[in-house]
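Hi,

Here is the structure I promised to pass on.

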Amino acid sequence: MTGTESQNNALHQAVIALAERDPDLKALYDRLGPPPSRKEPPGFASLVRILTAQQVSLASASAIWTRLNQQMDVTPAAVSTATDDDFKLAGFSRPKVRYARALAEHVLDGRLDLDNLQNLDDEAVARALTAVPGIGRWTCDIYLLFCLGRLDIWPGGDLAIQEALRALKDLDSRPKEKETHPIAEPWRPYRGAAAQLLWQYYRMLKFGGKTSEIGVFPVTDRASP
């Protein structure tokens, strides 16, 4: 079994376990099936790709990412030497240009060892990544979930997760981040698997499930990075 197949199987088994303990998630699983795996390779390019998804729609993030790859190789060396015009043509905002360059500098000078992140626990990964300007908890959570395969990560600050929870649990209003944590607590150690099922539910609610062709990350985030 390949690494991707193993991760897909782990995600599927986690969702089945969740369905056995939460009737609302079971109804969702019975309706939608297992969430699609969006495994991304760990490393610099994937982190830059997540940066492009901060505070924009999936379609916008996908277009920016495509244009960036047309302008340059997404490596630390190339990003560190790219011109403002290169980034502008890709559609990067000025703050995101600063974030991408800061990430490249941290990797090149050894302050951030991306290869070693897989050996760290979740909070240690978060500390290492948030030391880079422009990388906040949301970006860390997405990297941990989709690049490092950590199935208990809970991205409660994601607006799509909050909206899916509102619909799933028939809440009067969209819960704030701190209000999502007690809802997700019984889902340990598979909160990240629950999040992926909720993202699938959100896509169905908002788009009728017709966004599978957009292959960035299955999220819609307009919160802080």
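Asp152, Glu185, Arg188 and Arg191 are joined in a network of salt bridges (a salt bridge being a side-chain nitrogen of Lys or Arg within 4 Å of a carboxyl oxygen of Asp or Glu). Before you go further: this is a predicted model, where local features need pLDDT of at least 70 and side-chain atom pairs count only at pLDDT 80 or more, while totals for chains, interfaces and linings use all residues. Residues are numbered from 1 along each chain as its sequence is written, and side-chain values use heavy atoms, with hydrogens and water left out.

Arginine 188 pairs with aspartate 152, at 3.3 Å from N to O. That pair ties together distant parts of the chain, 36 residues apart: arginine 188 sits in the loop between α11 (177-184) and α12 (191-207), and aspartate 152 in the loop between α9 (137-146) and α10 (159-168). (Helices here are DSSP runs of H or I with at least four residues, numbered from the N terminus.) Arginine 188 also forms a salt bridge with glutamate 185, at 2.8 Å from N to O.

How accessible are these residues? Arginine 188 is partly exposed, at 38% relative accessible area, and glutamate 185 is partly exposed as well, at 40%. Aspartate 152 counts as buried, at 18%. For the cut-offs, buried means under 20% relative accessible area, exposed over 50%, and partly exposed in between (1.4 Å probe, protein chains only).

The whole structure has 13 salt bridges. Another one links arginine 49 to glutamate 40, with the closest N and O atoms 2.9 Å apart; both of these residues are buried.

Next, a helix pair. α10 and α12 pack at about 80°, with axes 8 Å apart (axes are lines fitted to C-alpha atoms, for helices over the stretch in contact, and angles run from 0 to 180 degrees between N-to-C directions). So the two helices, α10 and α12, are roughly perpendicular, a label that covers 65 to 115 degrees; under 35 counts as roughly parallel, over 145 as roughly antiparallel and the rest as oblique. On the α10 side, the residues in contact include Ile161, Leu165 and Leu168, and on the α12 side they include Leu198, Trp199 and Tyr202 (contact means heavy atoms within 4.5 Å).

Leucine 103 lies in helix α7 (residues 94-108) and is buried, with a relative accessible area of 0%. Leaving aside neighbours within four places in sequence, leucine 103 touches Phe44, Leu47, Val48, Leu51, Leu112, Val132 and Ile135. As for arginine 166, it is 63 residues from leucine 103 in sequence and 35 Å away in space, C-alpha to C-alpha.

Cheers
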